[in-house]
Amino acid sequence: MRIEVNCSRNYPIIIEKGCLKDIKKYIDDNRRIMIISDDMVPQEYCDALKLQLNNCDVKIVKHGEGAKSFEIYEDCLRTLLKLNYSRHDLIIALGGGVVGDLAGFVASTYKRGIHFINIPTTTLAQIDSSIGGKVAINVDEIKNCVGAFYQPSLVLIDPEVLNTLSKRHYNNGLVEAIKAGLIGDEALFKLFEEDNLDIEQIIYRSLLVKKRVVEQDEKEEGIRKILNFGHTFGHAYESYYHLHDYYHGECVALGMMVVLDDEDIKKRLAKILHRLDIPTSCNANRNEILHLLLNDKKADHNMIDLVKVDKIGEAKIINMPIKELEKYI
C-alpha cells in the first residue's frame, strides 16, 4: 500500500510486509547514511539495514523519553560533525516515536537541514508519529517544548516488525488509531469493535486520517489541532508521572476519557480500552495536573484549545480559559 502526502515536502508512505529486508528498493545509498536507533530496537533490524546499505553508520541511544534531551541531541550533532556529514547525506530514524522525534529534530537543525527517512518499528510510530513532520525534544520533563516542523523524505512501514513488541507496547500504540477513528473515521473506530483486529487496515486508515489533516494545516494553525484529542490532559499525565508508569498512548486514553461528554461514546471507548488492557482512569493530583496544563505548549497564556468529540468521526475545537479545565479533572 502507498499513500502520498502533499505538503511543504511531498513524500510517500510505503506500507509493505518485509520491506526492511529489501531496503535498497526504496533508498539511494550513494551518500553517507546515519541510522539513529535505540537500545530497545532489535539488533537484527539495524543489522538488516547495514548489510544492505553502503557508507552506513549507526548511532544507538538509550531508550525512553530521556533520549529526547539536549545532551543526547548535542551528542548526535557532534557525531555527525566528527564524521563529516554534509547536507546532502541522510539520517534514518529506526525505532519508535522517541527515536523519530530525536532523529527528525537532529535532521531539521544539522547544517540547516539534512535528508531524513523514518522507519517506525512500533505501533504508535507506524500509526501516528512517523508522519506529519513534528519533531522535538523535551526540557525538564515538559514534552516536546523545543522542536520544529520538518517533513521526512520517505516513511517505510513494515508491519512484520511489530511481532517483536510486548503486548502492552503493541496495544499502547493502538490508542492513536482509536483517536483517529473518533476524530475522523467512524469505520476505523468500528474496526476496534470487531472480534479480530486487522492491523494493516488500522494502520492504513489511521494514516489517511492524519494525511488529510496535515495536508490542510501543516503547521497546526487550525484544523490540525484536532489531532490533539486526548493529548491536552494526556501530556499533563505524562509529565505528572515523570514519563514513567504510563505510556504515551495510555495517557492519551486517559485524556480522551476525561473530555468525552457523550456517555454512549464513552462506554464504547471504555469497552475497547478494557479489551486492550488500557487504563481508563488514574489518581493524579488535580492541582498538579492543572499546573501542568498551564505549561502545555498549546496554551496561549490563560487560554487553550480543547478538542471535543460529540459524534464519532467528527471533532471540534473549543477555545476556553485553562481554569475551566478544572471541571474535567
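Trainee: Why is Arg-112 called exposed?

Mentor: In this predicted model, Arg-112 has a relative accessible area of 78%, and because exposed means over 50%, the residue is classed as exposed.

Trainee: Where does Arg-112 lie, and what is its phi?

Mentor: Arg-112 sits in the loop between H3 and E6, and its phi is positive, about 65°, although the residue is not a glycine. Most residues other than glycine have a negative phi. Lys-111, which follows H3, likewise has a positive phi, near 50°.

Trainee: What makes Asn-84 exposed, and where is it found?

Mentor: Asn-84 is at 58% relative accessibility, and since the cut-off for exposed is over 50%, Asn-84 counts as exposed. It lies in the loop between H2 and E5, and it too is not a glycine although its phi is positive, about 60°.

Trainee: Why is Ser-86 called partly exposed?

Mentor: The relative accessibility of Ser-86 is 26%, and because buried means under 20% and exposed over 50%, with partly exposed in between, Ser-86 counts as partly exposed. This serine is found in the loop between helix H2 (70–82) and E5.

Trainee: Which residues does Ser-86 touch, not counting residues up to four places away in sequence, and what does its side chain reach?

Mentor: With those sequence neighbours left out, Ser-86 touches Tyr-110, Lys-111 and Ile-114. Its side chain reaches the backbone nitrogen of His-88 at 3.1 Å, which can be set against the limit for a polar contact, a pair of N or O atoms within 3.5 Å. Val-161, by contrast, is 75 residues from Ser-86 in sequence and 31 Å from it in space, C-alpha to C-alpha.

Trainee: How do you know that strand E5 (residues 90–95) is largely enclosed by the rest of the structure?

Mentor: Six of the six residues of E5 are buried, so the strand is largely enclosed by the rest of the structure.

Trainee: What makes E5 a paired strand, and how many bridges join it to E3 and to E6?

Mentor: Two strands pair if there are at least two bridges between them; strand E3 (residues 33–38) is joined to E5 by four bridges, and strand E6 (residues 115–120) is joined to E5 by six. E3 and E5 run parallel, as do E5 and E6. Ile-92 of E5 is the bridge partner of Ile-35, and in E6 the bridge partner of Ile-92 is Ile-117.

Trainee: Which elements make the β-α-β unit, and what is its handedness?

Mentor: The unit is made by E5, helix H3 (residues 97–109) and E6, and it is right-handed.

Trainee: How do you know that the span of H3 is close to the expected one, and what makes H3 mostly covered?

Mentor: H3 has 13 residues and reaches 18 Å from its first C-alpha to its last, which is close to the 18 Å expected at 1.5 Å a residue. As for its covering, twelve of the 13 residues are buried, among them Gly-97, Leu-102, Phe-105 and Val-106.

Trainee: Why is helix H8 (residues 231–240) also called mostly covered, and what covers its buried residues?

Mentor: Ten of the ten residues of H8 are buried, including His-231, Phe-233, Tyr-237 and Glu-238. What covers them includes strand E8 (142–149), helix H5 (167–184), helix H9 (248–259), helix H11 (286–294) and strand E11 (303–311). Just after H8, His-242 takes a positive phi of about 55°.

Terms used: Residues are numbered from 1 along each chain as its sequence is written. This is a predicted model: local features need pLDDT of at least 70, side-chain atom pairs count only at pLDDT 80 or more; totals for chains, interfaces and linings use all residues. Side-chain values use heavy atoms; hydrogens and water are left out. Buried means under 20% relative accessible area, exposed over 50%, partly exposed in between (1.4 Å probe, protein chains only). Helices (H or I, at least four residues) and strands (E, at least two) are DSSP runs, numbered from the N terminus. A crossover is right-handed if, with the strands pointing away from the viewer, the path from the first strand over the helix to the second runs clockwise. The expected span of a helix is 1.5 Å times one less than its number of residues. Contact means heavy atoms within 4.5 Å. A polar contact is a pair of N or O atoms within 3.5 Å; within protein, one must be able to donate a hydrogen and the other to accept it, and residues adjacent in sequence count only if both atoms are side-chain atoms.
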